[in-house]
Amino acid sequence: MLSPSSRFNDFPPYTPIEPYEVLSARMGIPMERIVKLDANENPYGPSPKVCEALASLPFVHIYPDPESRALRERLAEFTGVPVENLMAGAGADELIDLILRVMLEPGDCVLNFPPTFGMYAFDTRLNAGQVVEIPRRADFSLDLERVLDAVRRYRPKVIFLTAPNNPDGQLPLPEEVEALLASDALVVMDEAYVEFTSAGGRLGERLSRIRQVLERDNLVVLRTFSKWAGLAGLRVGYGAFPGWLLSVLWKAKQPYNVNVAANVAALASLQDLEGLAQNVEKIRQQRQELFEQLCAVSFLKPIPSEANFILCKVEGKEARAVKQALMQEGIFIRYYDTPFLRNYIRISVGRPQDHQALMGALRRLERED
């Protein structure tokens, strides 16, 4: 009798966030009334140059460049990393999977620091690896002593580190990063939200470690257009890789992984850096305003964030009940009730009108007590 691999018998699926049209149909709420603050999407959307480029998209009937050469050349100018060290992907998610596909033998260890982005553990299991989890401290910092002990004990092939981390929005300390880079493991720095950091400069360039890939044989840095450029729906990301690894990744990747629309949209975004940087600055400012507003909610304890979202501890209520109450008003947020993150909600930074609707609903919940 035919059957799938036994490792899928108890395989935990990744739970994605639903788009506007699905939420609208499920709740019976018009799409234009939905306040979507659950997936860290950019509320300002893409550059107008992207819309223009997509409206006149040529050669849709022709397969895309399998090497994304034009995009990588422009990314080299943007990042300061040579073309030969860059690869584009269908979102950074594809590159996470691809790294693990070429690095892991069955049973090889990957070190993970929950709570963090769920795709690291998901893709490790998908590629027959062993996930070793070293939970973060209560303040979401790394327990460096336990981490280094795990490095010595398990000798991981790959270590994932998110900067800033999702879902708490905090940056790892430089000494923590250096300690991990001193190991023999491949350290994958996921900088999906680095553009939103307060001290990162216009678009995160002051804090990004992407250029350090040229100096370190065990460092990979991943970036994405999903957040700062508002291209989440087109799935386009990229990474900087040491030469020894990239030569293998080229052999293993799907040939036409970045479609023509995503390529054109990413190129158009890179032609409007000032406009998109203004949107990023709006989100930074509105993050601070939202944080102050959330601090005034009696049952929430928000955590300062360097990303485009704010994690809140729910006290005196159930996080799930808060999410459901907001959902009835067409406001969607993320909630957590896991061993590593008990009774928390995460709220993406939106526009002022989104925050006004959110705060009105939260105050009504307060008055119910």
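This is a predicted model: local features need pLDDT of at least 70, side-chain atom pairs count only at pLDDT 80 or more; totals for chains, interfaces and linings use all residues.

Colleague: Cysteines then. How many disulfides does the count come to?

Modeller: The count comes to zero disulfides.

Colleague: And C312, how far away is the nearest cysteine sulfur?

Modeller: The nearest cysteine sulfur to C312 belongs to C295, and it is 8.3 Å away. A disulfide needs the two sulfur atoms within 2.5 Å, so C312 is in no disulfide.

Colleague: Is C312 buried or exposed?

Modeller: C312 has a relative accessible area of 0%. Buried means under 20%, so C312 is buried.

Colleague: What about C51?

Modeller: C51 has a relative accessible area of 46%, so C51 counts as partly exposed.

Colleague: OK, helices. At what angle do α4 and α8 cross?

Modeller: Roughly 100°. Helix α4 covers residues 91–103 and helix α8 covers residues 243–252, and their axes come within 10 Å.

Colleague: Which residues make the contact?

Modeller: From α4 you have L98, I99, R101, V102 and M103. On the α8 side, the contact is made by W244, L245, V248, L249 and A252.

Colleague: Switching topic: where is D108?

Modeller: D108 is in the loop between α4 and β3, the strand at 109–112. D108 has a relative accessible area of 18%, and the cut-off for buried is under 20%, so D108 counts as buried.

Colleague: What does the side chain of D108 lie 2.8 Å from?

Modeller: The backbone nitrogen of E105, which is 2.8 Å from a polar atom of that D108 side chain. Beyond four places in sequence, D108 touches M103, G129, Q130 and K157.

Colleague: Last one, E195. Where is it, and is it buried or exposed?

Modeller: E195 is in the loop between β6 (186–190) and β7 (219–224). Its relative accessible area is 0%, so E195 is buried.

Colleague: Which side chain does E195 join in a polar contact?

Modeller: That of W228, with a polar contact of 3.5 Å between the two side chains.

Colleague: And what else is E195 in contact with?

Modeller: Leaving out neighbours within four places in sequence, E195 contacts R202, L203, G204, R223, T224, V280 and R284, as well as W228.

Note on methods. Residues are numbered from 1 along each chain as its sequence is written. Side-chain values use heavy atoms; hydrogens and water are left out. Buried means under 20% relative accessible area, exposed over 50%, partly exposed in between (1.4 Å probe, protein chains only). Axes are lines fitted to C-alpha atoms, for helices over the stretch in contact, and angles run from 0 to 180 degrees between N-to-C directions. Helices (H or I, at least four residues) and strands (E, at least two) are DSSP runs, numbered from the N terminus. Contact means heavy atoms within 4.5 Å. A polar contact is a pair of N or O atoms within 3.5 Å; within protein, one must be able to donate a hydrogen and the other to accept it, and residues adjacent in sequence count only if both atoms are side-chain atoms.
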